[in-house]
Amino acid sequence: MGDEIDEQDISNLEYFIIPGVDVPSSLKAKKFSLEYPEISYWSAGLHPHEADSLEDIKNELQALMEEADLIGETGLDYYRNLSSKENQIKNFEFHLDVSKELNKPLIIHCRDSFSDVFDTLNSRDITNPIILHSWTGGNKWTKKFTELGVYFSISGIVTYDTAHDLQDAVKKIPIDKLLLETDVPYLAPEPFKGKRNNPTYIKYTGAKLAKLLGLTPHDLSNVTIANTNKVLNREQ
Ligand SMILES: [Zn+2]
C-alpha cells in the first residue's frame, strides 16, 4: 500500500474495500477509508503469514476490529507457511469468533489450504457473511464451499491462460454469491499480468468473468454490486 490514494486509480469504482493484514496496515486502511467515507470500507485483520504474532497484538487488533467495517484478511496459507500451521488455525478461529460476535463480514485468504479452511468453517454455525478472497478453487472445492453459503471473490487470476480449472468453476458459483476484487497491488489481470495492479483494471477481470458466464459486463457489474451491497449491508 502506498501513502495516498490517486483519484485516477478509483475513477471507475462504485466503491471499494481496503483490507488490513496486520495492525499497521489496518490503521492505514482506516485512515484512507476516512478520506472517502461514502465509497470506501476498511477491514482489520491479521494475515496468516503474520499469525505467529497474534498473542502480542491481540488486544490492539480486537479494538480495531470493533471499529472496522469488515474483519480480515485472515485464513490459512500452506503455500508459503510463514507462520506455523497451528498458529494459523488459532488466528483464523480468533477472526471467526470476533466476526461472528460483531456480525461483520469476514475476508478469508485460502491458499493450498482448501481442506482445512472448509473443515474449520463447516464445524461452525456461521451467521455473518464469509468472503473467500481471490478464489482459485476448481469444481470440487467450489461445489463444497457453495454448500456453506459463502461468497466467492474473483481476482485477475481468472483472466490467465493457465486458470482453466477456475474458469470452469466460476460457472458453478451461484450468481448471488459472486464478487469481484482487484487484490491491488497483486494479481494484475491480462493484459497487465506480472505488472503492478491498479484498481481501474477491475474492468478486465469483470469482462473476462462476464464472457465466461454469458453476461454483458454491465449486467455482471449489476450482479456484483448488488451482492456487495448485501455483504456490506449497504442501502441501495
Ligand atoms: Zn490474500
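## What packs around α4

Helix α4 (residues 114–122) buries Phe114, Val117 and Leu121; buried here means 20 or more other C-beta atoms within 10 Å of the residue's own, exposed means 12 or fewer, partly exposed is in between, and C-beta atoms are placed from the backbone. Looking down the axis of α4, the buried residues fall within an arc of 75 degrees, so they line one face of the helix (the arc is that of the directions from the helix axis to the C-beta atoms). The cover over them includes β3 (70–77), β4 (106–111), β5 (130–133) and α5 (139–146), with a contact taken as C-beta atoms, placed from the backbone, within 7 Å. On the face turned away from the buried side, α4 carries exposed Ser115, Asp119 and Asn122.

A few ground rules. This is a predicted model, in which local features need pLDDT of at least 70 and side-chain atom pairs count only at pLDDT 80 or more, while totals for chains, interfaces and linings use all residues. Residues are numbered from 1 along each chain as its sequence is written. Helices (H or I, at least four residues) and strands (E, at least two) are DSSP runs, numbered from the N terminus.

## Two helix pairs

Take α2 (residues 54–67) and α3 (residues 85–102): their axes come within 12 Å and cross at roughly 25 degrees. Axes are lines fitted to C-alpha atoms, for helices over the stretch in contact, and angles run from 0 to 180 degrees between N-to-C directions. α2 and α3 are therefore roughly parallel; the cut-offs are under 35 degrees for roughly parallel, over 145 for roughly antiparallel, 65 to 115 for roughly perpendicular, and oblique for the rest. On the α2 side, the contact uses Leu54, Gln62, Met65 and Glu66, and α3 brings Asn87, Lys90, Asn91, Phe94, Val98 and Leu102. That contact splits into five nonpolar, three polar and two charged residues, where Ala, Val, Leu, Ile, Met, Phe, Trp, Tyr, Cys and Pro are nonpolar, Asp, Glu, Lys and Arg are charged, and the others, Gly among them, are polar.

For α7 (residues 202–213) and α8 (residues 217–232), the axes come within 9 Å and cross at roughly 100 degrees. That makes α7 roughly perpendicular to α8. Gly206, Ala207, Leu209, Ala210 and Leu213 of α7 meet Pro217, Leu220 and Ser221 of α8, a contact with six nonpolar, two polar and no charged residues. Also in α7 is Lys203, which counts as partly exposed with 15 C-beta neighbours inside 10 Å.

Most residues other than glycine have a negative phi, and most peptide bonds are trans. Ser134, in the loop between β5 and α5, has a positive phi of about 45 degrees and is buried, with 22 other C-beta atoms within 10 Å. Asp183 has a positive phi too, near 60 degrees; this residue sits in the loop between β7 (178–180) and α7 and counts as partly exposed, with 18 C-beta neighbours inside 10 Å.

Then there are the cis peptide bonds. The bond from Gly72 to Glu73 is cis, with omega near 10 degrees, and Glu73 lies in strand β3. The bond from Glu190 to Pro191 is cis, with omega near 10 degrees, and Pro191 is in the loop between β7 and α7.

Methods:
Two residues are in contact if their C-beta atoms, placed from the backbone, lie within 7 Å.
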